[in-house]
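I opened the model to look up its strands, its ring contacts and one of its pockets. My notes follow in the order I took them.

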Amino acid sequence: MIDAAKTSRIFVGLTLLALTAACDALPKQQYLQPDDTGGSAKGDFGAPQGEPIKAVLTSPPHVPPPTGRNYPAKVIVDLEVREVEQEISEGVRYTFWTFGGTVPGSFIRVRQGDTVEFHLKNHPSSKMPHNIDLHGVTGPGGGAASSFTAPGHASRFTFKALNQGLYIYHCATAPVGMHVANGMYGLILVEPPEGMRPVDREYYVVQGDFYTVGKYRERGYQPFDMQKAIDENPTYVLFNGSEGALVGDRAMKANVGETVRLYVGNGGPNLVSSFHVIGEIFDKVQYEGGTRYQENVQTTLIPAGGAAITDFRLEVPGSYVLVDHSIFRAFNKGALAILKVDGPENKAIYSGKEVDSVYLSEKSESLAPVEEAAAAKEAGTLTQLQQIKAGAAKYKGTCSVCHQDNGEGLPDVFPPLAKSDYLMADKTRAIGVVLNGLTGKVTVNGKTYNSVMPPMSQLSDDEIANILTFVANAWGNSGPAIGAAEVRQVRASTKRPEGAAH
């Protein structure tokens with residue numbers, strides 16, 4: 001009698017032996033490395049040819065031109081570390097440690113096989129030593145040990161760019177996390193030998209998480225908070241180092257019919273980015289900054305210390321909003337940027353209106369009035385007219401979604417602000433409604449409205465004062481200016497449960 005189980009085991013064993021023999025018969029490289037995309041073993045194209053080339057470095061969001069070469073060269077990169085105090089948000093100052101004076105640092109572009117001679121300088125005004133670890137370097141430390149540089153000094157090292165791809169670079173001086181958290185990162189693109197596929201526009205965007213002692217948008221100078229960084233609880237999550245970096249007048253620009261490539265990095269130091277462009281689908285994503293790509297992607301994950309290359313074509317005009325789709329980071333920590341696209345409409349593709357103000361917020365408009373009001377307040381010369389202009393800019397997105405651009409609200413649901421007897425009767429009550437919200441029925445101009453207004457206590461005292469001053473003097477209203485001190489007094493008198501918005 002045949003033993004079926006024993007026969008099955010013999011069959012499986014013979015099959016495995018046959019597969020093993022077949023694999024052994026293949027050239028090792030063929031079955032261990034089935035792709036033909038390069039790698040460090042294929043990235044050495046010999047000694048540099050011609051005269052040394054000085055690398056073109058660009059500040060974000062700009063990208064250097066393609067190398068345009070078909071041979072390996074010696075490329076000299078000159079980069080200077082600077083410690084600079086700049087705005088991280090409107091009216092909020094922070095000391096960034098930078099490569100080249102910007103966050104992220106200067107964009108570096110070389111070709112696979114190039115020999116890179118790297119010169120790192122540390123400006124004499126710096127208070128700290130710094131170095132650089134480039135993820136595009138093959139060698140222990142990525143250049144960190146060779147580039148330790150004290151203030152007022154310079155260092156130099158050389159490496160061959162063996163692997164094509166998009167790579168983060170960052171400072172690796174102890175405490176490493178603090179140096180990275182203060183903005184010390186950027187991108188280096190190692191082009192494939194044949195170059196990158198041409199596109200109409202290229203932009204450079206890097207996400208980072210920042211940790212300040214003060215709360216989100218708390219004005220004045222804010223120092224770094226080490227404990228928040230260790231706890232991975234950022235105050236801000238930002239593209240290119242500040243809330244104003246890529247919005248309003250600084251928004252990226254393109255035209256209908258053009259192809260756009262975004263070189264996107266994540267400096268971290270802690271958070272993973274869920275990178276998304278609202279209203280676009282990435283035609284192609286080189287995930288993790290490598291050679292392989294995915295197509296028709298809605299959102300791509302970019303790890304801390306990683307990168308991605310995203311390509312897409314623009315079919316219709318409008319404002320396209322870049323976000324970290326861990327969505328509170330976008331609307332409550334600052335991870336929001338705008339690509340403004342001009343050109344003719346195409347109703348066959350999209351019949352809708354401009355993107356809702358809930359997405360754009362005030363960031364689609366010029367922030368000049370807000371900045372002017374902040375400067376005037378600091379100088380003690382703030383006028384009611386300046387408050388009104390600043391409040392009008394902030395009203396967009398914050399209030400206009402429900403109460404509408406014209407202040408008329410929506411029948412039976414959202415009460416009007418225009419000629420509102422409820423609003424104008426008691427400014428202290430109005431401040432309290434904005435800070436603490438309002439639920440249930442309310443009578444305005446003889447009509448009843450029943451809805452929920454959430455607390456807007458995440459807004460600063462200045463923002464609430466300016467918005468209410470604008471509302472009290474728009475659409476037929478005529479009222480006094482409301483000061484930040486009045487808002488602060490109402491805020492201080494409000495008891496909040498532990499963990500509630502400040």
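I count two strands as paired if DSSP finds at least two bridges between them. The model is a predicted one.

**Entry 1, a sheet.** I started with an open sheet of four strands, which run in the order β4-β9-β8-β6. The pairing in this sheet is mixed. I noted β4 (108-111) and β6 (133-134) as the edge strands, each pairing on one side only. I then looked at β8 (residues 165-170) and β9 (residues 185-191), which pair in the antiparallel sense over six bridges. Which residue of β9 stands opposite G165? I found V190 there. As background, strands of a sheet pair through backbone hydrogen bonds, either parallel or antiparallel.

I got a count of 15 aromatic pairs. One of the pairs I looked up is F157 with F159, with 6.2 Å centre to centre and 25 degrees between the planes. This pair is stacked, and both F157 and F159 are buried.

I went on to F282 and F312. Their ring centres are 6.0 Å apart and their planes stand at 50 degrees, so I logged the pair as tilted; stacked would need planes under 30 degrees apart, and edge-to-face over 60. F282 lies in strand β16 (residues 282-286) and F312 in strand β19 (residues 306-313), so the pair ties together parts that are 30 residues apart in sequence.

F312 is at 2% relative accessibility, so F312 counts as buried. I also found that ring pairs link F282 and F312 with F239 and F275 into a cluster.

I looked up two arginines. The charged end of R69 sits over the ring of Y71, 5.8 Å from the ring centre. For R429, the charged end sits over the ring of Y422, at 3.8 Å from the centre.

I took the second largest pocket, with a volume of about 540 Å³. Which of its 29 lining residues are the closest to its centre? I listed E87, S242, G244, A245 and R250. Strand β2 (residues 74-89) gives the most to the lining, with four residues. I sorted the lining into nine nonpolar, nine polar and eleven charged residues.

Terms used:
Residues are numbered from 1 along each chain as its sequence is written. This is a predicted model: local features need pLDDT of at least 70, side-chain atom pairs count only at pLDDT 80 or more; totals for chains, interfaces and linings use all residues. Side-chain values use heavy atoms; hydrogens and water are left out. Helices (H or I, at least four residues) and strands (E, at least two) are DSSP runs, numbered from the N terminus. Rings of Phe, Tyr and Trp (its six-membered ring) pair if their centres lie within 6.5 Å; planes under 30 degrees apart count as stacked, over 60 as edge-to-face and the rest as tilted. Buried means under 20% relative accessible area, exposed over 50%, partly exposed in between (1.4 Å probe, protein chains only). A charge sits over a ring if NZ of Lys or CZ of Arg is within 6 Å of the ring centre and within 35 degrees of the ring normal. On a 1 Å grid over the protein atoms alone, a cavity is a set of points where a 1.4 Å probe fits but cannot get out, and a pocket is an open set with protein on both sides within 12 Å along at least five of seven lines; lining residues have an atom within 4 Å of a point. Grid points are joined across faces, edges and corners, and a volume is the space filled by probe spheres set on the points. Ala, Val, Leu, Ile, Met, Phe, Trp, Tyr, Cys and Pro count as nonpolar, Asp, Glu, Lys and Arg as charged, and the others, Gly among them, as polar.
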